[in-house]
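Open the model in your viewer and keep the sequence panel beside it. The stops below say what to select next and what to look for there.

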Amino acid sequence: MSRHSVSRTNFTPTRRTVALGGTAALAATALAACNPGGSGGSGGGAEDAAPVAEQDTAEFAGKTLSYLYFTDGPDEQATRDLIAQFETEYDVTVELEIVPFSDITTTLQARLSGDQAPDVARVAATAPFAGDLLLLDDYLGADYLSEFTEGVQVGMTDADGKIQAIASDLTQNGPFVNTDLFEQAGVALPEAWTWEEMVDLATQVQEATGTEFAFAMDKSGHRLSTLLSQGGTYLVQDGTSSLDPAAAATALQPLVDMIEAGTSPADFWLDSGAKYQGANEVFLAQQTPVYLSGNWQVAQFDANAEFGWATMPNPTQVAGGGFPGGKFMVGFTAGPENQLAATFLQFMNSTESQEAFITASAFMPTRADLTESGVEYPVRNEEMGVFVTDLGETPAEAYAACYDPNFDAAAQEFISEFAEVIAGNKDLATAMEDLRTSIDSIVEQA
């Protein structure tokens with residue numbers, strides 16, 4: 001199997017190589033507009049640190065490193081395999097502590113406030129830990145930043161340009177379809193679709209096959225932001241409140257209509273407050289023919305789905321494309337092993353380690369060399385290609401929104417207001433006006 005780069009315009013889904021050169025370069029350009037969110041800590045002893053390349057790694061022998069982690073699924077085994085390599089190479093022990101994604105921020109904040117900081121952690125956003133993050137320049141060198149694509153560099157640095165996090169993967173939201181159900185219903189899948197067309201086709205399949213729902217999506221402000229982006233508006237942009245309530249109401253109306261009609265889960269949005277909840281089990285149980293989630297589900301579905309499935313381009317409204325995201329690895333100044341932490345972060349995000357991690361987990365690369373060369377996904381390469389292609393359709397503003405320091409707080413309010421609509425306590429227009437007011441307050445307080 002050959003490895004090479006192609007642009008989005010000549011990407012051929014039937015090939016067994018997903019090359020990211022053209023598309024990811026476009027995504028990186030868009031990411032350059034992103035606000036990184038949060039500022040780093042003081043460096044806590046970095047003045048005595050030596051760059052990893054100059055370390056006598058024998059000094060690490062016998063030490064223990066703590067890693068607080070959440071998993072999207074198949075990435076756990078890839079992480080354990082890399083940890084095992086690191087432990088062997090440096091004669092150390094890495095204690096991997098796994099917590100649910102929905103608990104990672106509160107768990108870390110509690111640990112930090114209780115003087116029990118881990119050495120490193122995997123996080124979805126850096127802003128909640130402003131002031132506590134280990135600044136990596138003195139450990140890895142200022143030139144380390146250039147190993148990553150221009151776009152994610154913005155998410156890796158604080159307001160002073162110091163490296164406070166390492167972007168470990170790139171994600172993209174998008175829909176999955178149960179191709180067996182579509183075939184059973186005699187409904188053909190188009191090459192592209194609008195929201196109206198997607199809803200119509202999904203409803204046809206539901207009616208023909210007797211599934212409980214026509215459409216499901218994760219309970220997530222990030223996933224809901226896909227609809228906002230497709231409707232031409234965003235929660236926050238460049239540290240400011242940017243939601244257009246009228247545009248938001250228009251963008252969300254198709255989902256509200258489906259929930260009210262019983263063709264998309266309602267109770268799902270009313271459980272567990274504003275916490276994240278995935279709808280992957282609904283899709284795996286074949287209770288819906290269409291499910292909006294993201295590329296991190298690819299490996300899990302390949303392993304667990306007992307039916308035919310595929311990825312589809314995002315439906316369009318005013319705009320197309322999905323909503324990007326990704327995860328970061330960070331260290332903490334209060335962690336007991338700063339130097340070892342920096343070495344571990346570099347090891348886990350080397351070219352070889354990142355390629356192993358993302359290909360096993362169905363993520364997209366953040367490293368410049370992997371972005372340029374392209375990667376080969378051993379599982380569902382064509383389905384990953386749909387996500388890669390959709391990155392090129394995603395507006396630049398979506399990248400600015402996803403890395404804004406206020407996004408997490410705004411997204412929590414978004415879920416809460418949307419749940420109020422689903423519960424029948426507010427109409428959609430009022431909820432979006434109230435959401436704008438809440439975001440204004442979040443930004444002002446920040």
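How many helices and strands are there in the protein? There are 19 helices and ten strands; helices (H or I, at least four residues) and strands (E, at least two) are DSSP runs, numbered from the N terminus. This is a predicted model, in which local features need pLDDT of at least 70 and side-chain atom pairs count only at pLDDT 80 or more, while totals for chains, interfaces and linings use all residues. Residues are numbered from 1 along each chain as its sequence is written, and side-chain values use heavy atoms, with hydrogens and water left out.

**Whole protein.** Colour by pLDDT, the predictor's confidence in each residue, from 0 to 100. The mean is 86, and 87% of the residues reach 70 or more. Residues 1-48 have pLDDT below 50, yet in the model this stretch has 144 contacts beyond near neighbours in sequence; a contact means heavy atoms within 4.5 Å. Of the contacts between residues at least 6 apart in sequence, 78% join residues at least 24 apart.

Now switch to a surface. Of the 446 residues, 58% are buried. Buried means under 20% relative accessible area, exposed over 50%, and partly exposed in between (1.4 Å probe, protein chains only).

**Strand 1.** Select residues 64-69. Five of the six residues in this strand are buried. Which strands does strand 1 run parallel to? One is strand 2 (residues 93-98), joined to strand 1 by six bridges; another is strand 3 (residues 120-123), joined by two. Two strands pair if DSSP finds at least two bridges between them. To line up the strands, show Thr-64 opposite Thr-93 in strand 2 and Leu-68 opposite Ala-121 in strand 3.

Strand 1, helix 2 and strand 2 form a right-handed β-α-β unit: with the strands pointing away from the viewer, the path from the first strand over the helix to the second runs clockwise.

**Asp-72.** Is Asp-72 buried or exposed? Asp-72 counts as buried because its relative accessibility is 18%. Its side chain makes a polar contact of 3.2 Å with that of Arg-122. A polar contact is a pair of N or O atoms within 3.5 Å; within protein, one must be able to donate a hydrogen and the other to accept it, and residues adjacent in sequence count only if both atoms are side-chain atoms. Leaving aside neighbours within four places in sequence, Asp-72 also touches residues including Trp-296, Lys-327 and Phe-363.

**Gln-172.** Go to strand 4 (residues 166-178), which holds Gln-172. This residue is buried, because its relative accessible area is 0%. Its side chain has a polar contact of 2.8 Å with the side chain of Thr-394, and one of its polar side-chain atoms lies 3.3 Å from the backbone oxygen of Asp-390.

**Helix 14.** Select residues 351-361; the buried ones include Ser-353, Phe-357 and Ser-361. Ala-362 follows the helix, with a positive phi near 65 degrees.

**Glu-444.** Finish in helix 19 (residues 428-445), at Glu-444. Glu-444 counts as exposed because its relative accessibility is 70%. Thr-240 is 204 residues away in sequence, but the C-alpha to C-alpha distance to Glu-444 is 8.6 Å.
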